[in-house]
Number of protein chains: 2
Amino acid sequence: MSAESGRQYVVAIVGATGAVGEVLLRVLEERRFPVGELRPLASERSVGKSISFRGERVVVAEARPDAFEGADFVFFAATGTLSRELAPEVARRGGIAIDKSSTWRLDENVPLVVPEVNAAALAKHSGIVAVPNCTTIPLVLALEPIRRAAGLRSVVVTTLQSVSGAGKPGLEELERQLEASARGETLAPETFLAPIAHNAVPVCESFRDDGYTTEERKLLDESRKILEAPELDVAMTCVRVPVPVGHSESVLVETERPLSPDEAREALASFPGISVRDDPSRNLFPTPADAAGQDDVFVGRIRRDYGSQRLWLWIVCDNLRKGAATNGVQVAEALL
Amino acid sequence: MSAESGRQYVVAIVGATGAVGEVLLRVLEERRFPVGELRPLASERSVGKSISFRGERVVVAEARPDAFEGADFVFFAATGTLSRELAPEVARRGGIAIDKSSTWRLDENVPLVVPEVNAAALAKHSGIVAVPNCTTIPLVLALEPIRRAAGLRSVVVTTLQSVSGAGKPGLEELERQLEASARGETLAPETFLAPIAHNAVPVCESFRDDGYTTEERKLLDESRKILEAPELDVAMTCVRVPVPVGHSESVLVETERPLSPDEAREALASFPGISVRDDPSRNLFPTPADAAGQDDVFVGRIRRDYGSQRLWLWIVCDNLRKGAATNGVQVAEALL
């Protein structure tokens, strides 16, 4: 794909009516991505709906292989099943599939990319590029400047993940349960494994046989692949909280060489895609509500552990933007 | 104080109209604590209100030294200022002050007690006994059986604390903000340092000069005192979440000798005051909503870290009950 000035591209979005798909449309507009033709696609169920792009309505067509003819970039923001079936059809037709599902992330022929961290991995692909999980992206983005400054020995992380990580069904379930609660009623959980309104649910996605959840294992495997650190020690618990948008991560990092909180703050603040919001004397710290609608990953509460050289970080990120759509569009920009 | 069968006691509650005070009344009823006379007390502002105890209304009087004449037990569930001023007045009159504030917890003449863990510390007191912080109680209760089984080397904890940890003002702020949000409005924070509805706020209480919060430091100092382990390595971040009642803690424990998840489950399940709720094959795990209204501390998600011998635990507890009122009443029971 050449970077000819002024060239316009054919862009398709599979899952254009979902939570990430809608944000993808906004991010393509905001970043003035050179879209010559937009093809919103979805499963049969959503065909005939329309979406808004640059002030015009565009009708959603069915996501089928022939919809990818002539497409330069196809963003997948739907189920893993659709990605598994259709991403190779994009590649076969000479386009590039940029996939948000977990399907291809650990495939050794598929780059798994956070552009600020490992854009170089894009040099070698076979028509499919994977976007990491929405918890992995902010974690590795915040870890990378620390690694460059002092090396990484181990990471302990507890996530507090918003309901939009489970898409529109997650957002709707929180809203319905809060409304029911205000009426003194309780609704049975559907999307999550326990009621999420007024609660914290220590399971994201589903359990594996080893007692971990699929979400937790992704954080380990994907961080190791992106950071090219196959032995990196990442310990994690992933929790769902009643927040609409914005994932938070409470992270304890052990570096190879001592790094002071000031040095860490400096390394983070000068890294692209990161905003440091950290001044206890002014009660300054980032929350998921601050991150919602923003593209940056915000870091605060940077401080030395009382009993060791380890550093605490508090990381927040809009899981639909940098955790998904924005990262996908940045991958496409890097490929231009 | 003798344990004569049938003896009834004069019990006073300072802060009887607050969130913890109200639960104290319920817990005294439920546990049939031998209350011969109840004296609900409060600051001037609440004088003249009445509370319900064993089906009768009792008028609230002002918390002043002379209200403690003849009192056997005085529960303090109000501000630290009141505790500092008035707890010695209880002791001076021969009663025992059981204080929920942080005022006396680190005083070397004051036992800091979770009865299942260190009831023996009650043998020596000067008329004041302190109840630990609502995050410390479930943590040390869950750590104690693990320590007895395999020793404790280090602990990493991220808390997800409910708004009732800040009393009725916290509960009311969440409710008001959720109502405003449903109307499309935003209310400025008052009790917390950032909006708490639909958010996660990585600051509980207030910042210290060292970049930690007062809540975080309590977790370290109090755990060390209760467990009589002055060098215990506890690393912590404390977060407020939009949950009405029930604190959660995501905990990674390093033991001195290897302990399997099954051994840990066994040790926890056989310890008083703990319920293990942990079976991934049946999607069984505890949430704060499960703990609300219960006296036990619930533990689940017990599993080995992928990269070490450390164990993950997920601990939840009703912060108003075992985290405050129930623990206080258990202290009084142990003193009978």
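Me: How many Å separate the centres of domain 1 and domain 2 of chain A?

Reply: Domain bounds come from an automatic or database domain assignment. Here, chain A has domain 1 (9-131 + 324-335) and domain 2 (136-162 + 200-319). Taken over C-alpha atoms, their centres are 26 Å apart. Keep in mind that this is a predicted model: local features need pLDDT of at least 70, side-chain atom pairs count only at pLDDT 80 or more, and totals for chains, interfaces and linings use all residues. Residues are numbered from 1 along each chain as its sequence is written, while chains are lettered from A and ligands numbered from 1 in the order in which they are written.

Me: Which residues count as touching, and how many does each domain of chain A give to the contact?

Reply: Two residues are in contact if their C-beta atoms, placed from the backbone, lie within 7 Å. Domain 1 of chain A contributes eleven residues and domain 2 of chain A contributes 14. On the domain 1 side, α3 (115-118) and α9 (321-335) of chain A each give two or more residues. Such elements are DSSP runs numbered from the N terminus: helices (H or I, at least four residues) and strands (E, at least two).

Me: And how many residues of chain B are in contact with chain A?

Reply: For chain B the number is 42, and they meet 42 residues of chain A. On the chain B side, β10(B) gives the most, with four residues. By class, that side has 27 nonpolar, ten polar and five charged residues. Here Ala, Val, Leu, Ile, Met, Phe, Trp, Tyr, Cys and Pro count as nonpolar, Asp, Glu, Lys and Arg as charged, and the others, Gly among them, as polar.

Me: How should I read the sheet of chain A, and which strands stand at its edges?

Reply: Start with pairing: two strands pair if DSSP finds at least two bridges between them. In chain A, six strands make an open sheet with parallel pairing, in the order β5-β2-β1-β6-β7-β8. At the edges are β5 (61-62) and β8 (128-130) of chain A, each with a single partner strand, so one side of each has no neighbour in the sheet. Strand β2 (residues 35-42) of chain A pairs with β5(A) over two bridges, in the parallel sense. Within this pair, A:Leu41 stands opposite A:Ala61.

Me: What packs on that sheet, and at what angle to β7(A)?

Reply: Axes are lines fitted to C-alpha atoms, for helices over the stretch in contact, and angles run from 0 to 180 degrees between N-to-C directions. Helix α9(A) touches β6 (73-76), β7 (96-99) and β8 of chain A, and its direction makes about 150° with that of β7(A).
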